[in-house]
Amino acid sequence: MRRTQIVDALNAQGPMAEIKICGWVRTRRDSKGFSFLELNDGSCLTNIQVIVDETVPTYPVIKDVNTGASVEVTGELVESPGKGQKWEVRCTELKLFGVADAETFPLQKKRHSDEFLRTIAHLRPRTNKYGAAFRIRSEAAYAIHTFYRERGFFYVHTPILTGSDCEGAGEMFRVTTLPVTGAQKPESGDYFENDFFGRESNLTVSGQLEAELLAMGLGKVYTFGPTFRAENSNTPRHAAEFWMIEPEMAFADIHDDMDLGEEMTKYVVQHVLDNCADDLNLFASFVDKELMGRLETLVKEPFARVTYTEAIDILLAAKKDWEYPVSWGCDLQTEHERYLAEEHFRKPVIVRDYPKEIKAFYMRLNDDGKTVAAMDVLVPRIGELIGGSQREERLDVLESRIREIGQNIDDYWWYLDTRRFGTVPHAGFGMGFERLLMMLTGITNIRDVIPFPRTPSNIEF
């Protein structure tokens, strides 16, 4: 007999004379002549109750079935007389797969702090909160792929190993086969001459540049994969390894870019609202009481749209005691972004046309010569969710911008070729997947929306 997932058992249309379920024991409660087990297999938030009678041939193993133990139950799915549950299983055969010592198993029937659960990241998926978070993560990823497939985008895979720095920030993880000590210095003086690739290589900070190249042949593409930044930052919003969604569109401008970012965000949120009701309700009840209201507003109302200059005027008029002073030309900080989204507009807002000095070289220079066609989507509680731009398609302007930031033009010969041979207006953006999940759940620390977070001094699991 095939195993039935608990989510399917709980949603059964009628009783079943025979059923097999497996799972981990959340609780065991004994009474005279029988025991009650609460089982969960990760397929949904709700446990299913199992009644094990002492007449079951394998009943003696019940003494070893503690919280955390894994079991297989064969029996009958019947209507439950208990309040709040439709079905329960009357066990006819109980098999114990793995014990969990009651004295040492760290997850007991009580609330554990997030900080403690990060120290046992290998076990926290068995808790209600993290089981719900990672199911929502899965569903949101599915929604992203569905969104782009429905709109004619091709899913592409861009390199994780790279010889270029997309952002120009230099905060990258080096990848090398050279020994840590004792490497022989070549006559040229370039240590990397003897490395695997014959030059310095790193983990990518973005798949954008390669996605642009693919869009120049395929029209509309997106990449969805891991990216890496070697920032020694311990803030709740930063991790050394995280996932990015990065679409690129040929024959598109900044307005198409803003429209796509808004449409995609609304689509994913609506999909999760429609398909993860129980898991979302857990976060709305125990993590963030205002979560559902924010998500409903996001999908129902159009995003506000302002220029960077208008945003600066709004911030100056607020007369708040900013930690980071506001002036035209400053980069917007999280406190500024959150004020715009949470207090001024009270909904997501898209800010565009930023000063060129604070944005990357590949963003299209506007006619004023001072700003670039960049756009950021800002959302309540998170700040920046999406950062994108119309890309600079003019060869001479792009070469000038690369020189301005001190980069070597020769390193980007392949990127510049797309401007030499059939250049077109094009645009794209990057969305941090973990920030999207923080917005969806109300979780305030990025470490708690990714199963095994990579942060400074933290790579244990």
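Asp448 and Arg118 pair through their side chains in a salt bridge, 2.9 Å from N to O. Asp448 lies in the segment after helix H12 (433-441), while Arg118 sits in helix H2 (residues 114-118). The two residues are 330 residues apart, so the pair links distant parts of the chain. Asp448 counts as buried because its relative accessibility is 2%. Arg118 is partly exposed, at 21%. Here, buried means under 20% relative accessible area, exposed means over 50%, and partly exposed lies in between (1.4 Å probe, protein chains only).

A salt bridge requires a side-chain nitrogen of Lys or Arg within 4 Å of a carboxyl oxygen of Asp or Glu. Helices (H or I, at least four residues) and strands (E, at least two) are DSSP runs, numbered from the N terminus.

## About the model

This is a predicted model, where local features need pLDDT of at least 70, side-chain atom pairs count only at pLDDT 80 or more, and totals for chains, interfaces and linings use all residues. Residues are numbered from 1 along each chain as its sequence is written, and side-chain values use heavy atoms, leaving out hydrogens and water.

## Other salt bridges

The count of salt bridges comes to 30. One of them joins Arg174 and Glu200, with the closest N and O atoms 3.3 Å apart. This pair also links distant parts of the chain: Arg174 is in strand E8 (residues 174-175), and Glu200 is in the loop between E8 and strand E9 (201-203), 26 residues apart. Arg174 is exposed at 52% relative accessibility. Glu200 is partly exposed at 32%. Elsewhere, shared partners join Arg118, Arg124 and Asp448 into one salt-bridge network.

Lys63 and Asp64 form another salt bridge, at 3.7 Å from N to O. Lys63 is exposed, with 57% relative accessibility. Asp64 is partly exposed, with 34%.

## A nonpolar surface patch

Phe154, Leu214 and Leu218 make up a nonpolar patch on the surface. Together they have about 250 Å² of accessible area, computed by the Shrake-Rupley method with a 1.4 Å probe; for residues, only the protein chains shown count as cover. Patch residues have over 30% relative accessible area and no salt bridge; like charges are joined within 9 Å, and nonpolar side chains (Val, Leu, Ile, Met, Phe, Trp, Tyr) within 5 Å. Phe154 belongs to strand E6 (residues 154-155). Its relative accessibility is 46%, so Phe154 counts as partly exposed.

## A loop glutamine

Gln13 is in the loop between helix H1 (6-10) and strand E1 (16-31). Gln13 is exposed, at 78% relative accessible area. Its side chain reaches the backbone oxygen of Asn11 at 3.3 Å.

How values were computed:
Polar contact = N/O pair within 3.5 Å; in protein donor to acceptor, adjacent residues only side chain to side chain.
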